[in-house]
Amino acid sequence: MYINGEWQAASSGKTFASTNPATGALLGTVPDGGRADARRAIDAATAALSAWRTRTAYERSEILLAAHRMMLQRQDSLATLMTKEQGKPLRMARTEVGYAADFLLWFAEEAKRVYGEVIPSARTDQRFIVLQQPVGVCAAITPWNYPISMITRKVAPALAAGCTSVLKPAEQTPLCAVETFRVFADAGVPAGVVNLVTCSDPEPVADEILAEASVRKISFTGSTEIGKMIAARAGGAMKRVSMELGGHAPFLVFEDANPEHAAKGAALVKFLNTGQACICPNRFIVHRSIVEPFLATLRARVVKLVPGDGLVKGTTVGPLIDDVALKKMQRQVGDAVDKGAKLLIGGSRLTGTTFDNGAFFAPTILADVTAEMLICSEETFGPIAPVLVFDDEDEAIAMANATTYGLAGYIYTRDLARAIRVAEALDFGMIGINDINPTSAAVPFGGIKESGLGREGARAGIAEYLDTKVLGIAL
């Protein structure tokens, strides 16, 4: 763990292992922190807050720029570690490290653009001045599916705003967090400003974060179930929260779209990170008149996917994170087939010399999917593409919105008016129109409904770490 500028063991002396989901091989061990370690990290962040928040924006910016340069210098080693620990193919891991570095660069620039304002008063002898000031000590809880970029997406804006942080990374990918914090340390982030607590059981650490009054902000990325619990408890102490939770993205393909083009985009975004991305489509809602050519092209693309160890050249689909995820895939496919879905390809765990020691599930396409199937209500987070059909625009919108989630959605159409009309009608925070990547460090990322609260990235990302203060001055 990294607490108050020092690499430390857990108070208990315990450790836990990190393993490769493709091979089952042991990668290393890390300290197994608990409540006492979280307490030490919070104390360090609290002690460091005053000095850090009074650093100039330019000083904070320079440190973030140094971290950006170092992360890019270490891109290959960080990507290799990520592939070993998380499973995604090496090329995709390199892309993620670049994306993580983008947040460091973006918020290095935003640090210098935290503006106040002067508001006119009705009184001639009065002035109003509005300041934006750091929230204080912040806690971040990050997931395993993007184990480096989710750290920088939370820690970078906190640093830029003048906040100090305590990070609890996913227990499946602690080594990625350790190496990311080496970047922060080597970039010159002062002792106590960023702190890392690794643990195999997140509950005691989360309990301390939620109980401690000095922690004024919590940023969480993970499941809706856990996010609701954290938000409810944080509300009792009026802690600010940012929640990036689950998704159930619809992918709408209208009759005027090119079905082959749409299917190519569908294959790319569905099997991104083995389907383990919160913005991966969960339902492909395709107009009845073009569903056959869409399915034919989608199947042709999926057949060419190469599952395997992400370090092996040519691999395009890595393993799932663990056996729990595998069982979920099997349950969803079994339920769909039992209720009448047609299995076009895949549908089972991959076996054989390459796969037996890992958590591999075959890339899968289901046709004739209907709304009562489990896969239409439960987030999949895996390599299964369920295809439904619709007959008119209103029906498509209703099908897309028939979920408690509201993170991302996709529309394929060549009709500009329809694209705008449907995008405005969809209850999702991000919409890709003929585009499978509506994300960037420069744009707000987040959802509505049960997909979360707040936004990350863009100007909105740093605003989450700032309090508004009004000065009323009598002359």
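Reply: Start with the terms. The model is predicted. Two packed helices are described by the angle between their axes and the distance between the axes.

Now the pair itself. Helix H2 covers residues 57–73, and helix H6 covers residues 174–186. They pack at an angle of about 135°. Their axes lie 8 Å apart. The crossing of the two helices is right-handed.

Which residues in H2 and H6 meet? From H2 come Ala67, Met70 and Met71. From H6 come Thr180, Val183 and Asp186. By class, this contact has four nonpolar residues, one polar and one charged. Ala, Val and Met are among the nonpolar kinds, while Asp counts as charged.

Next, the setting. The UniProt record, an unreviewed entry, places the feature "domain: Aldehyde dehydrogenase" at residues 7–470. Over residues 7–470 the chain is 40% helix and 20% strand. The end C-alpha atoms of that stretch are 40 Å apart.

Two loop residues deserve a glance as well. Met238 has a positive phi of about 55°, although it is not a glycine. Met238 sits in the loop between helix H8 and strand E11. Asn434 also has a positive phi of about 55°, and it is not a glycine. Asn434 lies between strand E18 and strand E19. Met238 is exposed, at 63% relative accessible area. Asn434 is partly exposed, at 36%.

How values were computed: Residues numbered from 1 in each chain as written. Predicted model: local features only at pLDDT ≥ 70, side-chain atom pairs only at ≥ 80, totals over all residues. Heavy atoms only, no water. Helix = DSSP H or I, 4+ residues; strand = E, 2+ residues; numbered from the N terminus. Buried < 20%, exposed > 50% of the residue type's maximum accessible area, 1.4 Å probe, protein only. UniProt positions renumbered as here; feature names shortened; annotations may be inferred. Axes fitted to C-alpha atoms, helices over the stretch in contact; angles between N-to-C directions. Left-handed = near helix turned anticlockwise from the far one by under 90°. Contact = heavy atoms within 4.5 Å.
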